[in-house]
Amino acid sequence: MPALDPTPLDLLILTTANAAQARALRAYLRGHRLPARRVLVLPDPRGRRIGSGGSTLRALARVCRLVPGPLRRVLILHSGGDSRRLPAYAAMGKILAPSPLPDATPGRTLLDDVAGDLAPLVPAGHVVVASGDVYLALAAEAPDLAGPGLVGVAIPSDLDRASRHGVYVADEAGRVTNFLQKPTRAALRRAGAVRRGKAIVDSGVISISFRAVERLVASSRADVLPMLDRGRLAIDLYRDLPAAVLRQAGYARGHPLRAWANRIAGLPFDVRTTPGAAFVHVGTTREAVALYAPRPGLRRLNATTPARLSIPGRAVLDSCTSASPLHLTPGSMVVNLPSRGVPAIRSRPGLGLVMLPIDERLWTCVRFGVDDDFKTPLVLPAPGPGSIHASLARLLARGVLGEADLFAPNDADRSAWSARLWPVGSPRATLASTEFMQHADLVPPQAWRRATRLTMRDVLTRVNHDRLRARRAEAHAAFLLERLRVEQSPARRASLWVSIADATPPRFRSASWPTPDRALDHAFRAVAESVAANPSHPPAPRHAPARDVLVTCPARIDLAGGWTDTPPICSDLGGAVLNAAVSINGAHPIRVRVRAVNSPGFRIISTDLRRSTRLLVADPADRPRDPSHWDALPRAALELRGLLPAHGRVADRLMRRLGTPGLEITLASALPKGSGLGGSSILGAALLAALAAASGEPVTHEAIIRDTSALEQRMTTGGGWQDQAGAIIPGVKLLTTPPGPLQLPRIHPIDVGDTLASSEVAPRLLLYYTGQRRLARNILRTVVLRYLRREPQALATLARLRDGALAMAEALRRRDLDAFAVRLNEYWTLKQALDPASSNDLIRGILDSARPHLAAAALPGAGGGGFILMLARSARAATKVRQVLSRTPPNSAAGFHNLTIDPRGLCKVAGGQTPRSGLLSSLTTGV
């Protein structure tokens, strides 16, 4: 059972190095989505760094003020400190650096990646602490982070890497016995940290139970926390905390942490190992260039390219809209160029710059190299060729610059962090006056010497974050609109429209910029275009039109892999769904009759809704725009089959096509609306099959599956191919598709006679109607939007859904009912991870009542209501479940329905030809 909690966090705390970074984060978070009900930004006090452990303790103290209140799950992310090794993003904090993931949507940040990855892993009653500049892809592995005290997360790594990080040493049960800091190979072996040639390296993630949180805070309240609040103490989370808990601290007498370490010694400390985790670290400029531009060429991050741009190697351009010529060299990184007032930029290999708005109107230009860290003193020997600091160190060594030119007399720090290097003024002036830093043999110009210059520390306190956010938003908008103008792929256009919706600031209005709602409408229209790009054109009739056709169809229950069949997910990734055609209460619940009549036009009747209408003249203004309107589906189906003209008399079209002036279409569904059993899609499939037979056209499974997908997109209800394929193809089967625009599932039948359909197991399968209706379209939009945003947790969950379908198919082939139950429970958990709205209090209450008697349970379809499929532990347990839920039903409509695996699939029982089976055999792969 995966340790995933799909609900939003109760609290997300973001720590920052200073108040200026906190202002940047708060500005960025306005109108931004994060997986938390509440977000708190907590800067280090009084502009003084107190270390990752110090900021963690202060955050935990905040948590304790709310416990045992409403908090259940809390995540603390450290935003990256001063970011001295990545100066391009020091003003915002590394946590707001662009996402380094290869499939990230424009505008996505590390914060989105890390929070989205870790949020579902936070157990109830725990606080998880992590670094905001490392993405681990833990959602794919879902380690269990629950424990009585501290639980660390470690990654098996080679010894070279282990020697550069913290390393856990643990016993077979996972209890931590030692923690090593940057150990040598010999030290690793002496400590017993090497197993099979690898050591387990600290990932930076630590989970802390609320009980341990209370002890940590209580142990700090009298002395440590007051010192932290005054900025007089620094604690390293990954050095001081493990050492104290493991009784390895060894602080000297009088050390302010000595008593604290004794108080927390012996806290339970475990470690979970995640072999498949990633370790994407945006820690330095060199790492950032390698991640953002993994291949030779220019990587544009929300940047429009000037007309004259030369780039012979790998370079990064972020949030730039300047039309001035850029001559970038390998390793270059240029960030935040304004749109106006910028001269031509000529970079040298491995060197870059960031422009930052200062106060209300000014700018500064900060230059850096891929090897600069803003920590090392400006003395020789300096870093390698990718270094601005090397040039400055040579100027100091030659006496061209004196220390008085750069440093305050009482400042012991002689690094680029505290040097007065960065002039303020216009973009053109600051760029020109700092040009000399790129060359070892140039002297500072008089304009630089005369200018008001700031230290990097000063820059971060004077950055105007409203202007910075507006600058980056402007660049983002220009980049998206440029991409949209040239993009031809409907699926990629959909992602761009979603990015435009997300990029629109709250309450923003512009005639040239769509509102978020309108942008999202464009996105789903593009998704529909991607499905309709390959329509199934009605073939020429091969038979005389049938005068009377009756089509019946079973329902569909998905057992694993749902959502992977939904465009554009399946078009990009391929799909895999395990589902079953099922009869409900001994009958096919879907029935469609199409009958030629002498009365002109279409008479459309819904027997279950007790509604009818007649169409005599095609009038676009008369067509219902609401997909939930009772006759929206038959009208859309008639349009798709070419039977409803764009305008004019319907009878004329019917006489030419079918030789009859009118058709009577009767629809019947025994499934409640929003049942989760695929009713609307299956009704559409049955109607398309009946209309094809009534037109004398061949009825094939291929055409029905494809046309039903196009029908749903035409109606804007979305949906994939599994509903119609699951119902019209009999029995239990695995349906798979490769990536591509044409999604025709291959069918892998599975014989379940000895498992699900056996006399022992069938009575244990229960189908319970909750009485609660939901519209799958709303949940579908949420899931598709998460995919179009390329949220890492959503991508990882979709991958697990696909793998789960393959694993469940294999379990059924092995007749392994226990494994089937595990996979069914996993399926329900993963659905909730994709969209928490797939469950609610009513559903949770029903499942909680029945859970003692259940081996597994899941809601078919999108969830949020409808039916629940349950597998009881035994036939006797099934009786108990019926008794419990029948005793106190949640509403008058709730109740049990009988289901059986249907061996027939779609049936045409009167008139015309029967559905062909030739295509079925051509698409089927044997068991």
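Helix 26 passes helix 27 in a left-handed crossing, a crossing being left-handed if the near helix is turned anticlockwise from the far one by less than a right angle, and right-handed if clockwise. The structure is a predicted model, in which local features need pLDDT of at least 70 and side-chain atom pairs count only at pLDDT 80 or more, whereas totals for chains, interfaces and linings use all residues. Residues are numbered from 1 along each chain as its sequence is written, and side-chain values use heavy atoms, with hydrogens and water left out.

The axes of helix 26 (residues 792-813) and helix 27 (residues 817-834) come within 10 Å and cross at roughly 160°. Axes are lines fitted to C-alpha atoms, for helices over the stretch in contact, and angles run from 0 to 180 degrees between N-to-C directions. Helices (H or I, at least four residues) and strands (E, at least two) are DSSP runs, numbered from the N terminus. Helix 26 and helix 27 are therefore roughly antiparallel to each other, the term applying to angles over 145 degrees. Contact between the two helices (heavy atoms within 4.5 Å) involves residues of helix 26 including Leu-798, Leu-801, Gly-804, Ala-807 and Met-808. On the side of helix 27, the residues met include Phe-820, Leu-824, Tyr-827 and Leu-830.

An open sheet of 7 strands shows mixed pairing and the order 12-14-16-18-19-20-21. Strand 12 (298-301) and strand 21 (453-454) are at the edges with a single partner strand each, so one side of each lacks a neighbour in the sheet. Helix 10 (residues 285-292) packs on this sheet, where it touches strand 12, strand 14 (315-318), strand 16 and strand 19; the direction of helix 10 makes about 90° with that of strand 16. Two strands pair if DSSP finds at least two bridges between them. Strand 16 (residues 332-335) pairs with strand 18 in the parallel sense over 3 bridges, with Val-334 opposite Leu-353 in strand 18. Pairing between strand 18 (residues 351-358) and strand 19 is antiparallel and extends over 8 bridges; here Leu-351 stands opposite Gly-369 in strand 19. These two strands form a hairpin with 3 residues between them, and Asp-359 in the turn has a positive phi of about 55°. Strand 19 is also joined to strand 20 (residues 422-425) by 2 bridges, again in the antiparallel sense, and Trp-363 has Gly-425 of strand 20 as its bridge partner. Strand 19 (residues 362-369) is largely enclosed by the rest of the structure, because 7 of its 8 residues are buried; buried means under 20% relative accessible area, exposed over 50%, and partly exposed in between (1.4 Å probe, protein chains only).

A further open sheet, of 4 strands, has the order 34-35-33-36 with antiparallel pairing. Strand 34 (854-858) and strand 36 (895-897) are its edge strands, each pairing on one side only. On average, neighbouring strands of this sheet are turned by 30° against each other, direction ignored. Strand 33 (residues 765-769) and strand 35 (residues 867-872) run antiparallel and are joined by 5 bridges, with Leu-869 in strand 35 as the bridge partner of Leu-767. Helix 28 (residues 841-850) lies across strand 33, strand 34 and strand 35, and runs at about 15° to strand 35.

Arg-873 is located in the loop between strand 35 and helix 29 (875-887). With 51% relative accessibility, Arg-873 counts as exposed. Its side chain reaches the backbone oxygen of Pro-852 at 3.2 Å, which falls under the definition of a polar contact: a pair of N or O atoms within 3.5 Å, where, within protein, one must be able to donate a hydrogen and the other to accept it, and residues adjacent in sequence count only if both atoms are side-chain atoms. When residues up to four places away in sequence are not counted, Arg-873 touches Arg-764, Arg-851, Pro-852, His-853, Leu-854 and Ala-855.

Helix 20 (residues 632-640) is mostly covered, with 8 of its 9 residues buried. The covering elements include strand 26 (601-606), strand 27 (611-615), strand 30 (662-669), helix 22 (679-694) and helix 23 (701-714). Gly-642, which follows helix 20, has a positive phi near 75°.

Gln-724 belongs to helix 24 (residues 722-728) and counts as buried at 0% relative accessibility. The side chain of Gln-724 reaches the backbone oxygen of Ile-705 at 3.1 Å. Apart from neighbours within four places in sequence, Gln-724 is in contact with Ser-681, Ala-685, Ile-705, Thr-708 and Ser-709.

Methods. Angles under 35 degrees count as roughly parallel, over 145 as roughly antiparallel, 65 to 115 as roughly perpendicular and the rest as oblique.
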